Amino acid sequence: MSVNQGLEDVIVAETKLSKVDGLAGKLTIFGYSLEELAPNASYEETLFLLWHDKLPNSSELAEFNKDMRSLRNLNDVAKYTLKEAANKRIHPMDALRLTSTTLVLDDPNPLDNSYSTNIARVRKMTACFPTIIANYWRLKEGKDYIEPRDDLDHAENFLYMLTGKEPTKESARGLEIYLNTVADHGLNASTFTARVIASTDSDINSALTGAIGALKGPKHGGAPGPALDMIFEIEKVENTEPYIRKKLENRELIMGFGHRVYKVRDPRAEVLSKAAENLFVGDKREFFDMVKEVERIIVRLFEEYNPGRNIQTNVEFYTALLLHGCELKPDIFSSIFAMGRVAGWGAHVLEQMQNNRIMRPKSLYKGEFDKTWVPIEDRD
Ligand code: COA
């Protein structure tokens with residue numbers, strides 16, 4: 001019996017949500033190519049598409065927006081949790097996970113497991129993620145808690161809560177394209193986690209907070225912060241080669257490069273690069289050009305050190321650039337990834353619940369058999 005340690009190529013679910021074609025570098029989200037969907041849709045339209053199997057018409061979208069905006073406020077326990085978390089200065093993803101669990105207190109039908117109630121739970125958690133993330137950031141920075149506004153879009157309202165000021169149209173749209181781009185991506189580690197939890201007939205809150213835990217790791221959603229730190233450490237194009245050679249010779253990971261599935265450039269990198277370009281205008285353009293050149297050198301060095309492995313730029317490298325262009329700080333990047341990916345987590349959990357079989361893989365036992373019990377006083 002062979003062991004498939006990273007579960008590559010193991011198919012455990014049928015889905016109509018997204019397809020990742022790693023050889024062609026193509027991402028399809030509910031029938032739309034990423035390049036078609038991300039620059040055109042509002043994030044609210046993407047949410048509706050994933051949860052309701054179609055793009056909304058104008059009246060459906062207006063009603064959906066109204067509902068989502070009405071769900072943004074946090075309960076008192078959530079607010080208290082955020083304050084305590086900020087006092088202890090815990091990781092922003094831990095603050096998101098911890099505070100999200102308190103949203104079960106808002107559930108009007110805790111024992112109802114119907115599909116419509118589960119969609120309402122997914123909506124509530126998605127609507128509250130920006131309020132939690134922005135306010136955790138504010139409290140950690142010594143600022144006051146700020147209430148969400150119901151006259152702004154999802155992305156606009158998030159940026160408003162972070163800074164206390166209405167964002168520019170360019171920043172809000174840049175963030176929205178980012179949220180669309182990361183909304184769903186096949187059976188990645190966090191989405192798989194959510195589906196495993198849902199497969200036990202557990203609940204929406206458990207599945208989505210479990211997914212936050214999986215996304216936190218630097219091999220998944222934790223990469224863009226360090227990717228931006230790396231760009232700042234490199235500072236100038238001419239420093240790239242010695243900096244990266246040293247890292248590769250020490251067998252250190254270069255954040256923002258490599259992917260389990262993509263063996264060509266991650267299509268999300270291109271969409272985000274184009275969106276980022278709109279944010280780096282005037283005297284900021286030099287930084288954008290520098291980053292593009294750094295990317296080219298890194299890909300070349302990967303080919304030299306790992307010939308034929310096709311280690312290419314992934315989504316996180318341009319996430320770092322785009323979110324920096326929106327004037328966001330690296331500490332918060334993983335949480336913003338969660339704010340986008342919750343769309344897909346929710347959709348996958350709902351899909352799993354509709355056609356469920358508990359996930360129960362096997363492990364290969366490598367231990368011993370038939371040992372004899374040794375009383376504690378006779379042990380070495
Ligand atoms: N930096 C340095 N080496 C890397 C690398 C990176 N970013 N990405 C891959 N490699 C190395 C691997 O360590 C492996 O070397 P080994 O065979 O000597 O152990 C080899 O290249 C091939 O790796 P591969 O099988 O293609 O990737 P994977 O499936 O094992 O790992 C990631 C995929 C995403 C976990 C990995 O590329 C990574 O950690 N990247 C950096 C973190 C990141 O950007 N994550 C966000 C992903 S969207």
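This is a predicted model: local features need pLDDT of at least 70, side-chain atom pairs count only at pLDDT 80 or more; totals for chains, interfaces and linings use all residues.
1. The buried residues of α2 are Y43, E44, T46, L47, F48, L49, L50 and W51. Just after α2 comes D53, which takes a positive phi of about 65 degrees, although D53 is not a glycine.

2. D53 deserves a point of its own. This residue lies in the loop between α2 and α3, and it counts as partly exposed because its relative accessible area is 40%, a value between the limits of 20% for buried and 50% for exposed. D53 also belongs to a network of salt bridges that links K16, D53, R195 and E351.

3. A positive phi in a residue other than glycine is also found at R89, where the angle is near 55 degrees. R89 is located in the loop between α4 and α5 (92-101). Is R89 buried or exposed? At 51% relative accessibility, R89 counts as exposed, the limit for that class being over 50%.

4. The domain assignment divides the chain into domain 1, made of 18-218 together with 333-354, and domain 2, made of 224-325. The contact takes 25 residues from domain 1 and 23 residues from domain 2. Taken over C-alpha atoms, the centres of domain 1 and domain 2 are separated by 26 Å.

5. How much area is buried between domain 1 and domain 2? The area comes to about 1,800 Å², and carbon and sulfur atoms give 79% of it. Across this interface of domain 1 and domain 2, the rule for salt bridges finds 0 of them.

6. By the same rule, the count of salt bridges comes to 26. Side chains of opposite charge can pair when their charged atoms come close. One of the salt bridges joins the side chains of R260 and E8, at 3.7 Å from N to O. R260 lies in the loop between α12 (240-249) and α13 (267-277), while E8 lies in the segment before β1, so this pair ties together parts that are 252 residues apart in sequence. R260 is exposed, with a relative accessible area of 51%, whereas E8 is partly exposed, with a relative accessible area of 35%.

7. A salt bridge is also formed by the side chains of R123 and D67, at 2.6 Å from N to O. This pair links distant parts of the chain, with R123 in helix α6 and D67 in helix α3 (residues 58-70), 56 residues apart. R123 counts as buried, because its relative accessibility is 14%, and D67 is partly exposed, with a relative accessible area of 28%.

8. The side chains of E147 and K79 meet in a further salt bridge, at 2.9 Å from N to O. Because E147 lies in the loop between α6 and α7 and K79 in helix α4 (residues 76-88), the pair ties together parts that are 68 residues apart in sequence. E147 is partly exposed, with a relative accessible area of 37%.

9. The segment before β1 (18-21) also holds V10. V10 counts as partly exposed at 41% relative accessibility, and together with L7, V12 and L187 it makes a nonpolar surface patch of about 300 Å².

10. V3 lies in the segment before β1 as well. V3 is exposed, with a relative accessible area of 57%.

Definitions and conventions:
Residues are numbered from 1 along each chain as its sequence is written. Side-chain values use heavy atoms; hydrogens and water are left out. Patches are made of residues with over 30% relative accessible area and no salt bridge: like charges are joined within 9 Å, nonpolar side chains (Val, Leu, Ile, Met, Phe, Trp, Tyr) within 5 Å. Accessible areas come from the Shrake-Rupley method with a 1.4 Å probe; for residues, only the protein chains shown count as cover. A salt bridge is a side-chain nitrogen of Lys or Arg within 4 Å of a carboxyl oxygen of Asp or Glu. Helices (H or I, at least four residues) and strands (E, at least two) are DSSP runs, numbered from the N terminus. Buried means under 20% relative accessible area, exposed over 50%, partly exposed in between (1.4 Å probe, protein chains only). Domain bounds come from an automatic or database domain assignment. Contact means heavy atoms within 4.5 Å. Buried area is the accessible area (1.4 Å probe) that two parts lose on being put together, summed over both.
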